Amino acid sequence: MASASDIPRLLQDTLSPDGNTRIAAELKLAGLMAHPEAGLAFAELSLSQNTDMNMRQSASIMLRKYVTERWSPYFPAFKGNAPSPEIKTRVRDQVFQGLSDPNRKIRSSSAHTLSTIASCDWPDEYPDLLTALIGQISSDSPNAVHGSMEVFAEFIKSDLTEDQILPVLRQLLPVLLNILGDTEKHSPLTRARTISVFRQCITSLYMVKGEHRDAVNEATATVLPVWLDAFKVLLNMDPLLDVNSASWDTLLIKVEIFKTLDNICTSFPKALTAYLQDYLNASLLILQSLYPTYEHYYITASATPPTSSEEENVELSHLLVSIFDFLSKVVMSNKAKAWLQSGNVQTLVASIFQYAQMTAEDEETWANNANAFVSQDEDDVQAYGMRFSAFSLLYSLIERAAAPVCATFQSTLHQVVQSSQTAHEHGVSSWWKSLEAAFAAIGSQSEDVIDTIEDEEMSERTKPIDIQELLSNVVPSLLNQSDVPFLQGRAFVFASQFAKLLPMQMAGQYLEAAVQVIESDTAGIPVKVSAVKAIHNFCQNADDEALKPLVPRIAQDLGPFLLVATEDTLSLVLETMAVVLEVDQAKWLTTDLATSLVLATLEVWAKNNRDPIFLSIFADILTALASSHSPGIYETVVQQALPSLCTSIASAKPEESWVAGSALDLISSLEHGAPENGLGEGFFALLAPNLFTCLQNTEDRDVLQNGTVCLTLVIRKDCNQLLSWKDTSSGQSGLDHVFKLVAKLLQSEDESGGLVIGDMLIHLLRRAGESVLPVLPDLLQAMASRMATAKTATFLQSLIIPFAFLVHNQADTVLGLLESKNTSDGRRCLDVVMQTWCENAETFQGFWPTRISTLALSQLYASGRPSLQGLMVKGDIIVKPETSNVIMTRSKTKTNPVEFTSIPFPVKALKLLVRELQSGGDSATIPKGEMFEVDSDDGDDDWAEEGAGLTVDERDLLSNMLGPHGANFDSDNFLADNDDEDLKNDPVSQMDMQAHIVSFLKECTANNANNFRQNVDQLSAEEIVVVRQAVQH
C-alpha cells in the first residue's frame, strides 16, 4: 500500500519514458490524493532546492490539483478527505514560502495555488494572509516581491468584497508606488507588474463605485493623482533608452502604463483631464521616436530584436498596440478634440500609415499561406495586432473629424507615393510596403470615406480626398507590378472598396483585370486571393451593368477554386460566389454552368457539413441558384441537388446528426428560391419519405428544427403537394405526418425550437384551414395542455399566436372549443390560454405576431362572451414600501417575492391595447409631433444630460436609426424583417394598426361596450389619459 513517503518516487516515475511505468505511477498518485498528508508532501517537494526542477514542477502541479479536489467542499471538484486544520496551516506556510523561491516558475505556481487557497480560506481560516503579503511585497527580496504581486493581482480581482477593497488598497498602493520608483532595487519587469496590480485595483474600485461612491471618490482623488504624476514622468523619459540596450524589459513599463490609462479613461475619465495633453504628446513622441527601430527590426528585419531577461517575451509591438488602443479610446470619447485641431492629425495619421506596414514575418507567412493572408484582411476574423489596432485608431479619428482626416489621407498618401517612388528608384527592396500600407489604411475606412465625400459634395464643399484621381492615375500602374504581388493585390482590393465612385467603364476595366489574374497560371497566392476579394467587393458595390458582361466567366472561373480552397480562403470564395450569383438575378446562368456549380457546391458541402459559417453560405448559394430568373435553371438545380440531399438525409448515421440537419437546411434553401408557381412536380414526393422518417426517428434538436422549417416552407410554397401526398407504406397522409411531428414537438421538454412549431401551424391554418378542422379540437387541447407547462418566451409565443390567428378568423368556434375542453391537468383550456396569453403578450417578437395578437384581443373584448367577463388574469406589479426604489437582486427577490394584482380579462385586454398605442405603432400613421404618452414621474431627470454632448452629426445619425418622427426601437417597423414574405403581404401586416385601435376605443366609448367606462376606470392614471387622448383625437 503506497504512502505519502512514496510520492517522490511516484512523481519520478510519471516522468519515465516507459508508458507502463508512467501510467502505473499516475494511478497510484491518484489513489494517494486522499491521504491526509499528500498535500504537505507535494508542497515540501515543490520547494526542495536539491530536487530536480522537473520533479518540483510536477509536485507543484499535483499540489494545485490536490487543493481543488481535496482541500474543501468549497471547490466544485471536491472529492472528500479534506486535511485537518493543522495540516492546512503547514501547507499554507509552505506555499507562502514558495512565493520567494529563486525559480520564477515555482513562484508563479505557488502564487496561483495560494490564490486558490485564499479564495476558500481567507479571511476566516487565514486571517493573517494580507498582512503577510504586504510584508513580503515591502521586503528587499525581488523574488518575494514578484511572487506576492502575482497573488495580489488574482486576489484583488476575485476575492475582495466591497467592504474589504478600500482598506486593502490604502495599505497596498503606497508600497507598489515605492517599488515602481525604485529603479536600483527592482527590475523593470517587477516595476511593470506594480502597474498591472494597480490597474486591477482601479478595476476593483470601479466595480464598487456604486455602493461606496463617496469612499471611492475620496480614494481616487488622493491616489490617482500620485500615480498619474508618476506615469507622466515615466512617459516623458527618452523612448530610445528603452530600445538602445541589450534587453527591452523597460518597454513593458510603458505597455502597462498605457493599458492602465486606457482603463482609467473608461472608469474614472475626469481624473485624466489635467494630464491628457501630456499623455497625448508623449504618445505621439514615442510613436515618432520608435519608428526607425520598428522599421529596422520588423519591417525590413535587418536584425533580430533583443530578448527579455525572463521567459515572458517583450515585443515593441506590444507598446505600440497599447498606445494605439489608448489613443482610440481618448479620440472616441471626444476628449482629444483640441489636441487634434492643434495640428497633430497629420503627424498621427502619418505614424499610423508607417506602423501599418507589413513586417518581414507577415510577408513570409502570407506569401505561402492563403488562409493567413485572407484572415488578416477580414474585419470579423482579423487577429488583434499592429495593423488591426492602427486601423481601429483611424476609425476613431474619422468618426470624430471625418473631413479633416480624409483631407489628411490625401496629403499623406501623396507624400507616401513620392517617397516610395524615390525608394524604388534607389533600389530599396521594401519600397512598396509604405504604399501598400497607405492603401490598406484608407481602404479599411472606405465606407466612411465615401460617406464623407458625399456629405461634403452635398454641402457644396470641396472633396477632402480625390479617390477618382487615385483610381485613374495612381492605382492602374500598380496592377501590373507582378514583382511585388502584395502591392499588386492591394491595388485590386483598394479599387474594389471604392467601386461606388468608379465610372461604369472603369469599373469594368478593373474587373476584367481581376478576372485575368484569376485565370493566370503564373500569379501567386497574394494577388490571386486579392483578385477574388476585389471581385467580391465589385459585385457588392458596382453597378450591375458593369458586371453583367463578365459574371458568367467569373462564375466559371470560381468553380474550380471551390474544390481546392480551405478554411478562410474557401469562405472567401464561397462568399464571392454567393454575391456573383446575385448580379442581375442570375439571368445569365446556363443549365450547364448551373449544373457544374451545384455539383461543386455539394462536393464542398460534403467535406464541410459541420461548419456553421460555411453552411450559411452554402444555403445562400443554392438559394441564389434556385431563384435565378433564367428559364429552366430552377428545375436544373433541383434535379441536381434534391436527390443527393435526400440520400444524405436517409444515410446519415444517428451519431452524425449534423449531416441530416445541414441537408435539410440546404433543401430549405432550394425551397426559398422556388418560383411563385410552386416547388415543381414531384419535389415533395421525393422529399417526404426521407423527411418524415428522419423526423420520426431523431431526437436531435437541430434536425427537428431544420426539418420543421423545411416542412413549413413546403406548406408556404406548395401546400397542395403536402395535402395530396400519401405514404404508401403506412397509408397515412402528409397531414397525418405533420400532426405526428407537432405531437412530438409538444411532448418534448426541449423548448429551444422556439418559434418554428408556431410558424408551421400558422401557415398550415392559413393554407389548409379546412383540412385541419377534423383534428382541430384535439390539436387545441394538446397545445393548451403544453402551454400550461411551457417556460420559455419563444415557445409560449409559438403556442399562443396560432390561437390568436384562429380567434381573428373563427372566434366563436375556437372559444367554444376552449370552453368545452380541459387540459391534461384538469384546468379549463380557455383559462390556461387567456391567462398565458395576457401574461406574455408584451414579450411577443415579430411584426405580424404582435399585430395578430392585438387584433384578436380587441375582438375578444368586443365579443362580450360571458366566459371572458369574469376570467381573472395577472395584472400589474404590486409596489411595496420595502421594495420601492430598490434594485432587486436575486437574494432580495427571494425574501420579497414580486407580486401582481389579479384583474378581469377585459381590463387586461384594454391595458394591452393601450400599451400598443403608447409604443407608437407605425410611425408613419402618427401625426407629426404627437405621441400617446404622458409625462414620466420616475424621477430620473438626471439621465437627460447624457445626450447633451452629442454633435449635430451624431444627433442626425441617432435620428436616422430611430426612424421617422423618432419611432421607438420596439416599433413594429424594426421587427418586420423577422417575418416571411407571406406574412408581410397579409392584410394584417398592411393595415393601419394605430388607427384601428383608436377607432376601436372610440366605438367602445360610444356604445359603452361590455361596461367599457367601468373597465377604463380600473386602468392606471397614465393609461386613462392615453384612452382619453385617443377617443378625443
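**Notes on a helix pair and some salt bridges**

1. Starting inside helix α30: E603 and K607 sit 4 residues apart there, so about one helical turn separates them. Helices here are DSSP runs (H or I, at least four residues), numbered from the N terminus. The two side chains form a salt bridge, with the closest N and O atoms 3.9 Å apart; the term means a side-chain nitrogen of Lys or Arg within 4 Å of a carboxyl oxygen of Asp or Glu. E603 is partly exposed at 39% relative accessible area, while K607 counts as exposed at 57%. Buried is under 20% relative accessible area, exposed is over 50%, and partly exposed is in between (1.4 Å probe, protein chains only).

2. A word on the source: this is a predicted model, where local features need pLDDT of at least 70 and side-chain atom pairs count only at pLDDT 80 or more, while totals for chains, interfaces and linings use all residues. Residues are numbered from 1 along each chain as its sequence is written, and side-chain values use heavy atoms, with hydrogens and water left out.

3. Helix α30 (residues 591-607) also pairs with helix α28 (residues 551-564): their axes come within 9 Å and cross at roughly 25 degrees. Axes are lines fitted to C-alpha atoms over the stretch in contact, with angles from 0 to 180 degrees between N-to-C directions. That makes α28 roughly parallel to α30, the label for angles under 35 degrees. The crossing is left-handed, meaning the near helix is turned anticlockwise from the far one by less than a right angle.

4. Who touches whom? On the α28 side, the residues in contact include P552, G559 and L563, and on the α30 side they include L593, T601, E603 and K607; contact means heavy atoms within 4.5 Å.

5. D986 lies in the loop between α46 (981-984) and α47 (987-990), and R766 in helix α37 (residues 756-772), so the pair ties together parts 220 residues apart in sequence. D986 is buried at 10% relative accessibility, whereas R766 is partly exposed at 26%.

6. D6 and R9 also form a salt bridge, their closest N and O atoms being 4.0 Å apart. D6 counts as buried at 19%, and R9 as partly exposed at 44%.

7. Overall, the structure holds 36 salt bridges. E842, D876, K911, R915 and E1023 are linked in a network of them.

Notes: Helix = DSSP H or I, 4+ residues; strand = E, 2+ residues; numbered from the N terminus. Parallel < 35°, antiparallel > 145°, perpendicular 65-115°, else oblique.
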